Amino acid sequence: MAVRKNQATLTAAEKRAFVNAVLELKRRGTYDAFVSTHNDFIMSDTDTTERTGHRAPSFLPWHRSFLLRFERALQAIDATVTLPYWDWTTDRTPNSSLWGPDFLGGDGTGTGGRVATGPFAQSGGNWTLTVRPDTRNYLTRELGQGGESLPTRADVDAVLAIATYDAAPFNSSSSGFRNNLEGWTGINLHNRVHVWVGGNMSTGMSPNDPVFWMHHCMIDRLWAGWQSRHPGQGYQPVRRTRNVVALNDTMKPWNDVTPADLLDHTKFYTYDSAY
Amino acid sequence: MSESTTTTEITRRRMLQGTVVATAVAAGTVVLGLTGPTVTPASGADTESGDSFDEVFRNRRIQGMPMSGEGHHAMSGYMVLIDGRELHMMRNADGTWISVINHYQTFATPRALARAAVNSLDGADLAPLAA
């Protein structure tokens with residue numbers, strides 16, 4: 001069984017294996033297909049129309065499946081690789097080893113916020129952005145410059161204490177655990193981490209920054225933490241509901257997996273420590 | 001430097017010389033909600049979501065206008081251009097706005113959204129929107 005680990009605990013060899021698999025996926029063109037898929041849903045998921053990947057109950061199972069597909073693509077290159085998670089309640093500064101030159105590289109510098117260090121600096125020749133919202137073809141970041149702070153442990157605990165998974169109208173205005181976690185209302189865990197990293201992570205093409213996967217791995221871990229705290233609660237809506245994915249509906253673009261199929265992550269992987 | 005001192009109002013006449021807007025009008029595919037040149041109060045206060053605007057912010061021309069009809073703007077009912085290129089945007093259920101550049105952060109008005117995008121672009125141009 002694959003174990004997903006805290007990125008801060010990875011050995012130098014584990015970091016190298018992850019980075020090399022990501023770079024190989026990029027070289028093959030597969031990586032950019034993931035960026036495209038994400039942005040397609042970002043652009044089409046709205047509060048009043050069909051919504052699947054974002055601002056909707058299926059935000060969590062959609063991203064769980066998205067991450068699983070990405071992880072399997074990495075494992076096809078190197079079977080030892082699993083997705084690490086970034087626990088931003090503990091690794092909270094631009095000085096974290098996460099942003100080291102041997103891992104994700106550092107903050108953006110100069111005009112345009114260009115990341116100039118590490119394996120994902122465009123100058124290294126392995127990381128040119130093709131699916132992008134503007135003319136910059138290089139990775140950009142503005143760590144901590146977006147006016148948002150990273151969520152604290154207390155913020156996470158407060159969100160995990162919300163008993164109801166989601167509620168009508170099942171969009172960005174909903175109360176409930178999912179939307180407080182996603183961040184369109186209330187405490188906001190997920191959205192503000194995108195803003196804190198800034199640069200590409202602020203955009204619809206956020207998977208251009210590999211930290212996307214580590215952030216969403218943390219969000220996925222928090223879903224599991226919520227489930228263990230509320231064994232009597234479950235995914236909503238259970239019944240067919242206009243414009244959103246109910247418990248037993250298949251999810252686009254794959255059409256081969258439902259939220260119900262994904263509720264138990266231990267069928268696929270475990271976490272080194274539960275939240 | 002405050003936003004109000006870097007902001008320059010552009011007349012309606014000049015606004016209508018904008019290629020994208022002029023083309024859209026000529027094609028008859030859109031309804032412009034123009035009510036004349038917008039006036040920015042000296043305080044730099046923001047416009048309401050139903051108003052149009054046309055200004056230079058940090059050396060970028062930003063324009064916003066209520067829209068209906070075909071295209072990306074049909075859903076949001078509004079279009080923002082940065083140096084003539086359309087910014088993909090979306091309205092949230094609570095009336096706030098997000099764009100493809102600042103997707104995870106909400107803004108009270110399209111003008112604030114446009115200015116935030118200019119700040120994030122940091123001199124770069126928007127990529128053309130896919131059809």
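Colleague: How many of the five residues of strand β4 (residues 78-82) of chain B are buried?

Modeller: Five of the five, in what is a predicted model. Strand β4 of chain B is therefore largely enclosed by the rest of the structure.

Colleague: Which residues sit on which side of β4(B)?

Modeller: Y78(B), V80(B) and I82(B) are on one side, M79(B) and L81(B) on the other, and both faces are covered. In a regular strand the side chains alternate between the two faces of the sheet.

Colleague: What does β4(B) pair with?

Modeller: Strand β3 (residues 60-66) of chain B pairs with β4(B) in the antiparallel sense, over five bridges. Strand β5 (residues 85-87) of chain B also runs antiparallel to β4(B), and three bridges join them.

Colleague: How many residues are between the strands in the hairpin of β4(B) and β5(B)?

Modeller: Two residues. D83(B), in that hairpin, takes a positive phi near 50°.

Colleague: Moving on to helix α5 (residues 110-121) of chain B. What span should its twelve residues have, and how far apart are the end C-alpha atoms?

Modeller: At 1.5 Å a residue, the span should be 16 Å. The end C-alpha atoms are 16 Å apart, which agrees.

Colleague: How many of the twelve residues of α5(B) are buried?

Modeller: Nine of them, so α5(B) is largely enclosed by the rest of the structure. The buried residues are P110(B), R111(B), L113(B), A114(B), R115(B), A116(B), A117(B), V118(B) and L121(B).

Colleague: What comes just after α5(B)?

Modeller: D122(B), with a positive phi of about 50°.

Colleague: New topic, the interface. How much area do chain A and chain B bury between them?

Modeller: About 2100 Å², with 60% of it on carbon and sulfur atoms. On chain A, α2 (30-44) and α6 (190-197) each supply at least two residues of the side that touches chain B.

Colleague: How many residues are in contact?

Modeller: 33 residues of chain A contact 22 residues of chain B.

Colleague: Backbone next. Where are the cis peptide bonds in chain A?

Modeller: One joins A168(A) and P169(A), with omega about 10°. P169(A) is in the loop between α4 (153-160) and α5 (177-182) of chain A. The peptide bond from Q236(A) to P237(A) is also cis, with omega near 0°. P237(A) lies in the loop between α7 (211-229) and α8 (259-262) of chain A.

Colleague: Which residues of chain A have a positive phi without being a glycine?

Modeller: Among them are N188(A), at about 70°, and N255(A), at about 60°. N188(A) is in the loop between α5 and α6 of chain A, and N255(A) is in the loop between α7 and α8 of chain A.

Colleague: Is N188(A) buried or exposed?

Modeller: Buried: its relative accessible area is 11%, and the cut-off for buried is under 20%.

Colleague: And what is the relative accessible area of N255(A)?

Modeller: N255(A) has 47%, so N255(A) counts as partly exposed.

Key: Residues numbered from 1 in each chain as written. Chains lettered and ligands numbered in written order. Predicted model: local features only at pLDDT ≥ 70, side-chain atom pairs only at ≥ 80, totals over all residues. Heavy atoms only, no water. Helix = DSSP H or I, 4+ residues; strand = E, 2+ residues; numbered from the N terminus. Expected span 1.5 Å × (residues − 1). Buried < 20%, exposed > 50% of the residue type's maximum accessible area, 1.4 Å probe, protein only. Pairing = 2+ DSSP bridges. Contact = heavy atoms within 4.5 Å. Buried area = accessible area lost by both parts, 1.4 Å probe.
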